[in-house]
Amino acid sequence: MKIVTKETIQVAVLGVGFGITHVKALAEQPGTLRLKMVCDQNEERLESAKQILGEKASGILFTTDYHDILNDPDIDVVDLALPHHLHQRFAEEFAAAGKHIMLDKPLARTEEEGKAIIEAARKNDVQLMVAFNFRFAPMYQAIQKRISDGAIGQVLLGLTRHNQRFFYPGGSNWRNSASIGGGAIIGSGVHNIDFMRFCLGDPAEVYACGVNDAKRLDAEAGAAVVFRYANGTVVNFFCNWCKSSRNIDASGVFGEWEFFGETGE
């Protein structure tokens, strides 16, 4: 696997809708990372990004043509902040160009697409990372460490909730459409699922039942999911885009978690 060993890693961001959060974070990074290029097909979004960055926009190339990233040999990493249905196409193209990839969650819409993205990274010897930021939030790292250290013994039961207000008129936003990768689970509930895997590994069985609200969403508006592990552990996941939660930790990450172990804690 090719590793970036340069003193300063040059980064480009493709997608400045939700990706504006990535742009702002990268612009604040110390000298080890340098945001060199920002790309979006929408010129108004690019101009807005410039205004948001202010003085930090100096020296950054803002472009509507993603080929500028592909053809720049100095770009080491591309941050793909794109709608889910575009992940495979652009991940494969940038991997073929030798660019390391940081891909906004989820990896893909389907298992087939996900495997194609992973294979493209392997074939072209580039690193691929999915941006599951729960793993890097201090509160969640502390939870994972207590579980891995055996502080509560074997986990017997887990409970997690994700509540987020999501209200777009029909067809106005890509996260609203099932065909292009919308819905409560894939849109944001994947954070809870990934964190569960971070703590407990992969389950043996999954049972899920979704609910729809056709007035607001083309995809599921919520779901109840049960995960059962080979050792008997059961995790219950309640994913909800029907009402917003005010239970947000200091990192700004949505999610509520409880684990109950054999020590009675």
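A disulfide is taken here as a pair of cysteine sulfur atoms within 2.5 Å. By this rule, the count for the structure is zero disulfides. The model is a predicted one, in which local features need pLDDT of at least 70 and side-chain atom pairs count only at pLDDT 80 or more, while totals for chains, interfaces and linings use all residues. Residues are numbered from 1 along each chain as its sequence is written, and side-chain values use heavy atoms, with hydrogens and water left out.

Let me begin with the cysteines. The sulfur of Cys242 has its closest cysteine sulfur in Cys239, at 9.3 Å, which is too far for a bond. Cys242 is partly exposed at 47% relative accessibility, whereas Cys199 is buried, with a relative accessible area of 12%. Buried means under 20% relative accessible area, exposed over 50%, and partly exposed in between, with a 1.4 Å probe and protein chains only.

I turn now to the sheet. Strands (E, at least two residues) and helices (H or I, at least four) are DSSP runs, numbered from the N terminus, and two strands pair if DSSP finds at least two bridges between them. Six strands form an open sheet with parallel pairing, in the order β3-β2-β1-β4-β5-β6. Its edge strands, β3 (61-63) and β6 (128-131), each pair on one side only. On average, neighbouring strands of this sheet are turned by 25° against each other, direction ignored; axes are lines fitted to C-alpha atoms, for helices over the stretch in contact, and angles run from 0 to 180 degrees between N-to-C directions.

Strand β2 (residues 33-39) runs parallel to β3 and is joined to β3 by three bridges. Met37 has Leu61 as its bridge partner in β3. Helix α1 (residues 20-27) packs on the sheet and touches β1 (9-14), β2, β4 (77-80) and β5 (100-104), contact meaning heavy atoms within 4.5 Å. The direction of α1 makes about 150° with that of β2.
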